[in-house]
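Please open the structure in your viewer and keep the selection panel at hand. The tour begins at the ligand and ends at the second chain.

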Amino acid sequence: MFLDWQPHQSKEYDDMLSAVRERLDRPRPPEGGLRELWRHCGELGLLGLCVPAEDGGGGRSALDTAHLIEAFGRGCADTGLVFATSAHQFACAVPISAYAGDEVRRRLLPALCDGSFIAANAMTESEAGSDISAMSARAVRDGDGYVLTGTKSWASNAPEADVFVTYAVTDPTAGFLGVSAFVVERGTAGLSVDGPFEKMGLGTCAAGSVRFEECRVPARNLLGEEGEGSAIFQHSMAWERACLFAGYVGLMDRLLERCVAHARERRQFGRRIADFQAVSHRIADMKLRLEAARMLLYRACFRLDRDEALPMDSALSKLAVSEAAVQAAVDALQIFGSRGYLVSEGLEVVLRDAIPAKLFSGTSEIQHELIAKGLGL
Amino acid sequence: MELAAVIEEIDGYIRKEFLEGDASVELTPSSPLLEWGILNSMNTTRLAAFVSERYDVTVSPKAMRTDNFRTIENVAHMVLELRDRPEA
Ligand SMILES: Cc1cc2nc3c(=O)[nH]c(=O)nc-3n(C[C@H](O)[C@H](O)[C@H](O)COP(=O)(O)OP(=O)(O)OC[C@H]3O[C@@H](n4cnc5c(N)ncnc54)[C@H](O)[C@@H]3O)c2cc1C
């Protein structure tokens, strides 16, 4: 096992970090400017890092993908943008590239990778959050298509999206394994979107609900086979829990740099606050949590690339990164004192952007459950 | 290991872990585990972890299909197939 990056991988990371700092590092998009930012992300290759090259993507491994998302999260203060584009890539482009038929792949993936299209993943329902087996959306085969009915209560990017990846029950006798996955395109009769919701953070990522009323999609929009929806969702979640959360690793790198610089510079009682062990050890703990989480994330990606990933691998990684990110934001606010509490300092928004990481892609409690069940408990 | 023995072990695991010894459930090798809600997403993950360890097989996300988990018989067939052809 070789636990460091090769020189060419480090260079790619550095180049991406510089490009992101130059082109994307602003706290919010300009009014109406999301599409433009999305295209910038497309030009930098950030929307399809792991999508096969023949479909318009970068053809990278999960590990290389995570490394570049890490650079994105470190260089871009707009965590909502990092999250929105990652949800687009890992919960939508990834299952489309792995499970769609040729026609759908060819039509959608290049546009998803270059930033012409925005995608949303619509799984959660009002009564089926952590427990996806309680899903009520239905899809019924009808001639050469399926008719979808149901409401998805939360889908990131939905108000802006051109393409939706969604899940519905096709075999009610098969519990959560009777679910199938579909691609639905904006403009399809019977599809409507509400929102954007007013949220506490991740401002750039518009979220809304998605309704399917007798919404007819062609059979070619089925991903994989009928009944494969649950496996497809688990596959997406394995990618999302590993690679999307690399953005939060990058965010923690940025916070750590700021805290180190501030602790060296700020003086109280005639000394640098870094000279107080309470402060320096808090920063040492931030570093410890960051590096431990980073290693778990790299290992989850490594196993994903070797087709050896177990649910426990991405659960360990997701749990470690999200909990460390929230703690890092709380630590940074403490280290910056009252000025950290000012909106202008840009730290309170980090906390608001970090908290939902403990909720989406499966809550922290669900990750604990996955780890426990993986241990046979 | 023979099919009948695998079925018996999986039956025992499900009774102990998911039914908590509730003898009133008439579980047979062909009972519809998914339809009855005995296998929800969490329990399926647990069952997959159990058979992986017990029979030294890898249940990949691709193997998480209805035809592999609908009944105890289906799970046992999947185990034997994965043992003989790990890529199945
Ligand atoms: C910012 C953000 C973005 C999101 N984006 C998307 C998206 O793009 N697409 C999408 O489909 N969904 C999305 N979601 C929804 C998200 O997936 C759900 O919020 C999540 O699955 C939890 O479901 P819930 O909110 O209904 O909470 P619930 O399932 O109602 O859980 C409430 C509480 O109970 C706990 N709990 C539930 N079951 C158990 C258990 N078995 N053991 C222990 N504790 C338990 C939970 O951990 C939580 O603390 C997003 C959510 C957020 C906040």
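A residue is called near a molecule or strand if one of its heavy atoms lies within 4 Å of it. The model is predicted: local features need pLDDT of at least 70, side-chain atom pairs count only at pLDDT 80 or more, and totals for chains, interfaces and linings use all residues. Residues are numbered from 1 along each chain as its sequence is written, chains are lettered from A and ligands numbered from 1 in the order in which they are written, and side-chain values use heavy atoms, with hydrogens and water left out.

**First stop: the ligand**

Select the ligand and the 18 residues around it; those that come nearest are Asn121(A), Thr124(A), Ser130(A), Thr363(A) and Glu365(A). The shell consists of 10 nonpolar, six polar and two charged residues. Here Ala, Val, Leu, Ile, Met, Phe, Trp, Tyr, Cys and Pro count as nonpolar, Asp, Glu, Lys and Arg as charged, and the others, Gly among them, as polar.

Next, display the polar contacts (pairs of N or O atoms within 3.5 Å). Which atom of the ligand lies 2.7 Å from a polar side-chain atom of Ser130(A)? It is an oxygen atom. Met123(A) places a backbone N or O atom 2.9 Å from an oxygen atom of the ligand. At Ser156(A), a polar side-chain atom is 2.8 Å from a ligand nitrogen atom. The ligand taken alone exposes 970 Å², of which the protein buries 64%; these accessible areas come from the Shrake-Rupley method with a 1.4 Å probe.

Colour by secondary structure, where helices (H or I, at least four residues) and strands (E, at least two) are DSSP runs, numbered from the N terminus. In chain A, β1 (119–122), β3 (145–156) and α11 (364–374) each supply at least two residues of the ligand shell. Domain 2 (120–227) and domain 3 (245–374) of chain A each contribute at least three residues to this shell.

Now select residues 121–215 of chain A, which an unreviewed UniProt entry records as "domain: Acyl-CoA oxidase/dehydrogenase middle". This span is 0% helix and 48% strand, and its end C-alpha atoms lie 17 Å apart.

Finally, select chain B, which has four helices and zero strands. Its C-alpha atoms fill a box of roughly 40 × 25 × 20 Å along the principal axes. In an unreviewed UniProt entry, the annotation "domain: Carrier" covers residues 5–83 of chain B. Over residues 5–83, chain B is 56% helix and 0% strand, with the end C-alpha atoms 15 Å apart.

Conventions: Polar contact = N/O pair within 3.5 Å; in protein donor to acceptor, adjacent residues only side chain to side chain. Domains from an automatic or database assignment. UniProt positions renumbered as here; feature names shortened; annotations may be inferred.
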